[in-house]
Amino acid sequence: MAIVLEARRLVKRYPGVLAVDGVSFAVAEGSCFGLLGPNGAGKTTTVEIIEGVTPATSGEVRYFGEPAGRRFREESGIQFQHTALQDFLTVRETLELFRSLYDRGADLDEIIDECSLGDLQHRDNRALSGGQRQRLLLAVALVNAPRLVFLDEPTTGLDPQARRNFWALVERIRERGTTVVLTTHYMEEAEILCDEIAIMDAGRIVAQGSPRSLLESHYPNVLIELPVEDVRDALGGIEHRVVEARGVVEIPTTDVNESLRQLASQVHGLNRLRIRQPNLEDLFLDLTGHSLRA
Amino acid sequence: MLKRIWAVFRARNLEFVRDRGTLGWNVLLPFVLMIGLYFIFGDTSRPQYTVGVLQQADTVDETAHPFLATRYVRFVPLHDEDEAVRKVAHHELDLLLRLEPPAQYWVNPGSPKGYFVELALRETDPEGRIVKAEIEGEALRYVDWVLPGILGMNMMFSCLFGVGYVVVRYRKNGFLKRLRATPLTPLEFVLAQVASRFVLIIAITIAVFAGTAWLLDIRMEGSYWALLAVASLGAVCLIAMGLVVAARVTSEELAGGLLNLVTWPMMLLSGVWFPLEGASRWVIDLSKVFPLTWMLEAARAIMLDGAGLADVGVDLAVLTAMSAVFLVLGAAIFRWRPR
């Protein structure tokens, strides 16, 4: 599969802050690539360097093997995390404005239909709800029928229902073969949408791969969870970790039966015990020492 | 309740004080304005009458004739006889005097102030050696003279604030950043802004001019097309000037301060409200850096004196040059997003 986008040793230095510290990755055509990390990890700065709206201190961005330039702007669509639109324009007029800025253009009615904006197309864009506005911003990112779409924290602030609707929308875009680069701090979002992820912390990529391969390589085990107050000091000799944020004790194990026998002999009352697969949040905690949503 | 009001009051004050640019302009603008007004209008012994003196020299020698020592009369050296005579006809000069042989003076019999200045001249020339010439001409109504100034001022505010302020707002709220991510270039964006404001302000100016001309029977000696050409070029120049101001600023309050700093001197020193003739040399020189000065000079020449485009060629050339410089500079230093 062709490499659509390649970031090479990107560095962004602000006075006193190294926001992006040598980030490199490649995105295959048709895939969904996720940049995962907490707020302040450098995700948005990284994608803004790639998008060309923030100059890099050093490093290089290549689009289909060539330095990203006019062709990249023409063929990419961007949904910013925070952006304003021109006031006093309707949804349709906003889309017409942005489509006019590109040589290539998609069918507006198709985009309006795809993004469920049909009933809203004549409404002033300032009068949209959070979810409607996100759909409009995605539609703006699609007006040039892009081969590559950047979605920067697209579901932040949306309610669960709106978030799931948005994910379905992104899946439809992917089905057309459009490559997606997604930044998010929602691990569930990354697990559902992304073929490959790069976990960022403090401006650096600390792990990269498919969600499944990353979890399999880091966790050959499952996790047994117990509330801290049920365990107290009864875990002598059993490897464990206290997760204060969730008020639980985690016991990693590759032999659940043996671990349960051990726990039954040491802990009174296992009624609230839970066994689960490790997820990206656990991985992030292990890799960086702090929570994904910190 | 007081606690909440205090908290918001304090936060707003901190915002204002920490925005150095805004604070600076808020302090500096009134200060600079007062200093400027003091120098421009600070002369309390302002003459009541204006007499033109046709001569080669750039300064009037008070000792050349007793009349030239008359108090409360401002003697302005003039070199172009036709232009000076036209000013007498329009009541812009109360009297015109030439002491070099053949000595002569021109006065408009319809001018009350001319009548009194003539009496003073006769007092110092009892033998009547200076020959009298009468120049007929209606007094130029102030409304005829000031209309181009009012329209020009409206254009100035609309162009500078309508473009400069809006661009700063676009930059601050991220809309410019969004546009940056498209194939749109800074020059394309700048030209679109110029074109948009240009069409709007010309349409508004034409409507206001037509309405005023109909209501007040405004004097129009020249060609409407020539006037439209001057207004168009002036609008382009003022819009481009607004873009230069807005090219990098990210604070709306700072933009407001900067735009005020540009517009107020233009309003006072470009001849919007009163003629600059007789003002200090440095005021006249300073006025030449403002595009509004050139636009108004050309517009008045067309409307009041019937000048053609060729007659105002210098004004048009200066406006063209200023527009080009502002446009290139604005596009060159333009920034899509806050640093």
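Predicted model: local features only at pLDDT ≥ 70, side-chain atom pairs only at ≥ 80, totals over all residues.

Reader: Which strand of chain A pairs with strand 9, and over how many bridges?
Author: Strand 3 of chain A pairs with strand 9 (residues 196-201) in the parallel sense, over four bridges.

Reader: What joins strand 3 to strand 8 of chain A?
Author: Five bridges join them, and these two strands also run parallel. Strand 8 covers residues 179-184. Within this pairing, A:Phe33 stands opposite A:Val181 of strand 8.

Reader: Is strand 3 of chain A enclosed or open to the outside?
Author: Five of the five residues of strand 3 (residues 32-36) are buried, so the strand is largely enclosed by the rest of the structure.

Reader: Which residues are on each side of strand 3 of chain A?
Author: A:Cys32, A:Gly34 and A:Leu36 are on one side, while A:Phe33 and A:Leu35 are on the other. Both faces are covered, as each of these residues is buried.

Reader: Let me turn to the cores. Which residues have the most contacts inside the largest nonpolar core?
Author: That core has 63 residues, and the ones with the most contacts inside it include A:Leu36, A:Val181 and A:Val140. Helix 5 of chain A (residues 130-142) gives the most to this core, with seven residues.

Reader: What is A:Val140 in contact with, leaving aside its neighbours within four places in sequence?
Author: With those set aside, A:Val140 is in contact with A:Thr94, A:Leu95 and A:Phe98. Apart from this core lies another, of 59 residues, with B:Leu147, B:Leu160, B:Val236 and B:Leu243 among them.

Reader: I also noticed an open sheet in chain A. What is the order of its strands?
Author: The order is 2-1-4-5, four strands in all, with antiparallel pairing. Strand 2 (17-28) and strand 5 (66-67) stand at the edges with a single partner strand each, so one side of each is left without a neighbour in the sheet.

Reader: How many bridges join strand 1 to strand 2 of chain A?
Author: Nine bridges join strand 1 (residues 3-14) to strand 2, and the two run antiparallel. One residue pair there is A:Ala7 with its bridge partner A:Phe25 in strand 2 of chain A.

Reader: Which helix packs on the sheet?
Author: Helix 1 of chain A (residues 43-51) packs on the sheet and touches strand 1, strand 2 and strand 4 (58-63) of chain A. The direction of helix 1 makes about 120° with that of strand 1 of chain A.

Reader: May we step back to the whole of chain A? How many helices and strands are there?
Author: Chain A comes to 11 helices and 14 strands. Its C-alpha trace spans about 70 × 45 × 40 Å along the principal axes. Of the 294 residues in chain A, 37% are buried.

Reader: What does the domain assignment of chain A give?
Author: It gives domain 1 (3-215) and domain 2 (220-276). The C-alpha centres of these two domains of chain A lie 40 Å apart.

Reader: I came across A:Gln262. Where does it lie?
Author: A:Gln262 lies in helix 10 of chain A (residues 256-266).

Reader: Why does A:Gln262 count as partly exposed?
Author: A:Gln262 has 16 C-beta neighbours inside 10 Å, and therefore counts as partly exposed. A:Gln262 and A:Gly237 are 25 residues apart in sequence and 9.5 Å apart in space, C-alpha to C-alpha.

Reader: And chain B? How many helices and strands does it have?
Author: Chain B has 12 helices and five strands. Buried residues make up 35% of its 339 residues. The domain assignment gives chain B domain 1 (49-134) and domain 2 (142-333), and the C-alpha centres of these two lie 36 Å apart.

Reader: Finally, how many residues does each chain bring to the contact?
Author: The contact takes 16 residues from chain A and 12 residues from chain B. Helix 6 of chain B (residues 175-180) gives the most to the side of chain B that touches chain A, with four residues. By class, that side of chain B has five nonpolar, three polar and four charged residues.

Notes
Residues numbered from 1 in each chain as written. Chains lettered and ligands numbered in written order. Contact = placed C-beta atoms within 7 Å. Nonpolar A, V, L, I, M, F, W, Y, C, P; charged D, E, K, R; others polar. Pairing = 2+ DSSP bridges. Axes fitted to C-alpha atoms, helices over the stretch in contact; angles between N-to-C directions. Core = buried A, V, L, I, M, F, W, Y, C linked by C-beta atoms within 7 Å. Buried ≥ 20, exposed ≤ 12 C-beta atoms within 10 Å, placed from the backbone. Domains from an automatic or database assignment.
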